[in-house]
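Look over the model first.

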Amino acid sequence: ALPGHLLRGLLPLLTVFHLEWAEDAARRAGVSTQPIWRKLWDDVMKTRPPNSESITCWRKKFLETFFSNVLHGVLDVSSDWRLNDRHFSPLLHSSPHVSQLTLCNMLQGAVELTAEHNHKVLENLAGSLRILKFQHLLSCDQSIRRSLVLLLHRLIHHGSVSQVSMCSWPVPDKVLLVLILSMSAGFWRSGNALTYHGSPCGLCREKDKAQSQESAQEGAERGCNAEREGSGGENQKGSPEEAEAHMNSGLSGPRSPPLRNAVCEETSSKVPCDHTSIRGGSSAPSSSEQLSCHPVPQTTRRRLKPAVGRKRRCLRRSRGHYADPEDLYDFVFTVAREDNSGLLDKTRTTEGDSTENWTNSSPGRGGISAHAGCKKRGGPAGIFSLKAAHRFRSVSTLELFSIPLTGETCRALSNLLSSWVSLENLVLSYNGLHANISCILSGLRALSRHPECRFRVLRVSDMFSHMPCMELVCCVLSALPQLHTLSVSFDLKNHLEGSRPEENPSCSEAEIPESCLEVLEIRFPREPLHTSFLLPVLKASKSLQQLSLDSATLPCPQELGLLLEVLKEYTPNLKKLSFHDVNLAEHQKEVLLLLQDPGLQEITFSFCRLFESSTAEFLSEIINTVKRNSSLKSLKLPGNRLGNHRLVALADIFSQDSSSSLCQLDVSSNCIKPDGLLEFTKKLEGHIQQRGGQIPFTHLRLFQNWLDQDAETAQEALRRLKAMCSVVNDSWDSSQAFADYISVM
């Protein structure tokens, strides 16, 4: 209970352990510890964190980064006296503040966190961690995979992780990749084989016990009802439903929600299916579709013989368990057993686990809506047994960056997606999908038919486009009308499709059901922007609020005008419109029409060459139009070669006679020098004074301008600007922009 002024002087003298201990006292005394944590960051981390201007809590930022650095062995706690405290356990005391964690390389972090001496650390992470990332992974042995399984089971199935991201994995280990995906989707094998240091998972046992008691109670109630109904000389054998309840009541595993088969649909649990249709209804599943610890034995048959030269490993079966319950391969890749619902099959040679031969899933029917990308390419049909698996809690966001996905892994992911009802966001970036995008869409289509589906955001980006962008957009919206956000981005056209005609009649004639789409982002691989192709999408997207068009070419001068007419007619709720790397130098009339649109609140012209061939009158018209528009809140003009004189002129937007409500202005990458910025600042100060100190302007972005040419003048301009609004800039070497400077002179 020290006075505030004494506490303020004491805090810089404390170690991290005692600083944490004093946090509540400082809060009660009204003393902020943020400067202490910021200084700790500067002294210990010795780097500038990205987006430092957006960090609201330096305590959390420091302790979260500190945890990661200690875990990966890149920080020595003895290097600073504030960290070297005998009462301070680095991982234990910082773990409650960790909401995002990255595991790298050989997953050494997973091994350390699942060690027995870090049990409490893992428990803390289970409550605090929200985002789990994997980066630059390498193949690892079974002992490390077991540690990973324990970690994922605790943090996802019994924890709070809601997002799993994997990135930069040029040659992914298919076993490890599908293992992470399947556990992220909430799947784990049957039985109590999962152990923590020799003991079964306590959380699973508690859940199993509670659900078994519930099942037994339900079974007893059904039995009593059947006995009452059967009295009076009626049939005493019991109905099939009673027998099913009696059988389920004896299961030791939890009663899990039904799993919809992504590849095939069975009309009877006794008859194996041989087709690949996707379940689209919401009818109640049969008992054979319930996920349980001990699946009900069923008559099975082998669908296809193994490929020539491959030997199948014989797995002993006893009550639904494998001979070696700790064998992760048997979990992730098993041969088909009870039925044909599953993911992927891995067969192994008799020499051991080093050789892994991958088989293919069931063939599709062709077409984007029927597993076109999931076609069989030879080899036996391999299936990951989902029925024999528990269904646990799953994540809501999955991100895959720079991870090549083969046909096999796409089929595995597609089958997981088909029943991943908790999934809300999916990001697939630079995965080399090509034609396999149809396989992913097939799984998502099956998911969209699930009554509990929450899927809302899909982002797909890649180097090459398998089909024209608008054709893909139409296909996605046809399959997923419930999407709220769709982002499609490609760098280049597929070089194998150079002879493909630009105009595909199927795009303009596509029938898209009314969608819930609110955000649409399209990055064209230098494709022509045909409004006729975009028309069916806009017609079906009455709720569209944000549209972004990137790297498109305008096939004719009238095309942009047609687009504006279509937007005005079919998107009454559009609030944000963005053009990036679209040449608008010859479309001054359309630019002015957009700036006076009363419905738009944010307009972006990024690297659109607005002033390449314009006159002074065009800039004056822009300023006057914005001054009269009271609905426009944000104007972003990065990369348009404004220069000093045009920036100074833009200050007139806030003159005394202006009715503008503009809050944000982005003039990044516009060849602005310190003297021009200072003149803009002085002019803005004059307008504020004329208006009695009140203007709506609050944010100015100045990234990648030439402010390093006169540091003293730049600092004065920035100091005076920050007294009027929030300014975001960076330290940028303007010598890199010499060629651009010459072109503007």
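The questions below cover the pocket, then the helix packing.

This is a predicted model: local features need pLDDT of at least 70, side-chain atom pairs count only at pLDDT 80 or more, and totals for chains, interfaces and linings use all residues. Residues are numbered from 1 along each chain as its sequence is written, and side-chain values use heavy atoms, without hydrogens and water.

Q: Which helix gives the largest share of the lining of the largest pocket?
A: Helix H19 (559-570) and helix H20 (588-595) each supply at least two lining residues. Helices are DSSP runs of H or I, at least four residues, numbered from the N terminus. The largest share, five residues, comes from H19.

Q: Between which domains does the largest pocket lie, and why?
A: Bounds come from an automatic or database domain assignment. Both domains give residues to the lining, so the pocket lies between domain 3 (456-494 + 514-574) and domain 4 (578-744).

Q: At what angle do H15 and H16 pack?
A: Helix H15 (residues 437-448) and helix H16 (residues 469-479) have axes 9 Å apart. Axes are lines fitted to C-alpha atoms over the stretch in contact (heavy atoms within 4.5 Å), and angles run from 0 to 180 degrees between N-to-C directions. H15 is roughly parallel to H16, a class for angles under 35 degrees. The packing angle is about 25°.

Conventions
Angles under 35 degrees count as roughly parallel, over 145 as roughly antiparallel, 65 to 115 as roughly perpendicular and the rest as oblique.
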